[in-house]
Amino acid sequence: MKKAACLVIAFGSLLSLLAYGQSATASQSLDDRVREFLASQKDQWREENVTEADGRFLYDIILKHGYTRALEIGTSTGHSGIWQAWALSKTGGSLITVEIEEFRHLLAVRNFKASGLDGTIDARLADAHELVEELPGPFDFVFIDADKNWTLNYFKALLPKLAPGGCFAVHNVSSLGYMKGIRDFLDYVRSLDFIETTIDTSASGGISLSFRKKI
Ligand SMILES: C[S@@+](CC[C@H](N)C(=O)[O-])C[C@H]1O[C@@H](n2cnc3c(N)ncnc32)[C@H](O)[C@@H]1O
């Protein structure tokens, strides 16, 4: 993206955040604060962010399974991260989220703070190809929403760090199912007898959920 366009987007997002910041009060409960923040930003998620329905889907799955150690690849400006961190704030967990583009990472950090969820989120500015090798884990929820042709590599690097009962989720596997990276990932993961994979099509572009069996 051109630098000028990035600046315009960043400035617009900043103005909307500042406007929101003036109305947020310290006495609000976390739920109220997150709800209000999400409502204030409803039409502001323009950086390849997930839809509200997909955010809710991530929230529900984390709560349903009581996950506490989450990793997201592809923060962008933080929409999906906020939904995951909101659920993790209820399970007593936390989220590590990774973004390679600095201007998106910086906007995400502002959004996390404004939502009140910054204490639950460790936002990293890094190339996830390298960082996934370094992160110790274990993780019980992994959400891949970045360079889809690298999905199988992410899976292979993170599989040893995926806790029993944990879930490795990939966004848009149906809408991007034509990509070799997605096809190779789905073929590989389906060949493993200790992993159970389904694709949830209630999510807009299809989200694959690969659960590591507890055995
Ligand atoms: C679809 S967007 C993520 C949207 C985000 N999950 C949300 O809903 O707000 C994909 C993001 O992945 C980032 N990305 C791509 N390759 C990456 C890499 N190797 N490491 C870290 N982030 C990467 C892109 O810069 C982009 O911001």
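Modeller: Two residues are in contact if their C-beta atoms, placed from the backbone, lie within 7 Å. Helices (H or I, at least four residues) and strands (E, at least two) are DSSP runs, numbered from the N terminus. Helix 5 (residues 102-115) lies across strand 2 and strand 3. Helix 5 runs at about 165 degrees to strand 3. Angles run from 0 to 180 degrees between N-to-C directions, and axes are lines fitted to C-alpha atoms, for helices over the stretch in contact.

Colleague: What kind of model is this?

Modeller: This is a predicted model: local features need pLDDT of at least 70, side-chain atom pairs count only at pLDDT 80 or more, and totals for chains, interfaces and linings use all residues. Residues are numbered from 1 along each chain as its sequence is written.

Colleague: What makes helix 3 roughly parallel to helix 4?

Modeller: Helix 3 (residues 52-65) and helix 4 pack at an angle of about 25 degrees. Their axes are 8 Å apart. Angles under 35 degrees count as roughly parallel (over 145 is roughly antiparallel, 65 to 115 roughly perpendicular, the rest oblique). So helix 3 is roughly parallel to helix 4.

Colleague: Which residues make the contact?

Modeller: Helix 3 brings G55, R56, L58, Y59, I62 and L63. Ala, Val, Leu, Ile, Met, Phe, Trp, Tyr, Cys and Pro count as nonpolar, Asp, Glu, Lys and Arg as charged, and the others, Gly among them, as polar.

Colleague: What about helix 7 and helix 8?

Modeller: Helix 7 (residues 151-158) and helix 8 (residues 180-190) pack at about 35 degrees, with axes 7 Å apart. T151, L152 and F155 of helix 7 take part. On helix 8, the residues include F185 and Y188. The classes are six nonpolar, two polar and one charged.

Colleague: What makes strand 3 and strand 6 edge strands?

Modeller: The open sheet has seven strands in the order 3-2-1-4-5-7-6, with mixed pairing. Strands pair if DSSP finds at least two bridges between them. Strand 3 (121-125) and strand 6 (195-200) each pair on one side only.

Colleague: How do you know that strand 1 pairs with strand 4?

Modeller: Four bridges join strand 1 (residues 69-73) to strand 4 (residues 139-144). The two strands run parallel. The bridge partner of E72 is F143, in strand 4.

Colleague: How many residues surround the ligand?

Modeller: There are 22. A residue is near a molecule if its C-beta atom, placed from the backbone, lies within 6 Å of it. The closest are G74, S76, S80, A128 and A146. The shell divides into six nonpolar, nine polar and seven charged residues.
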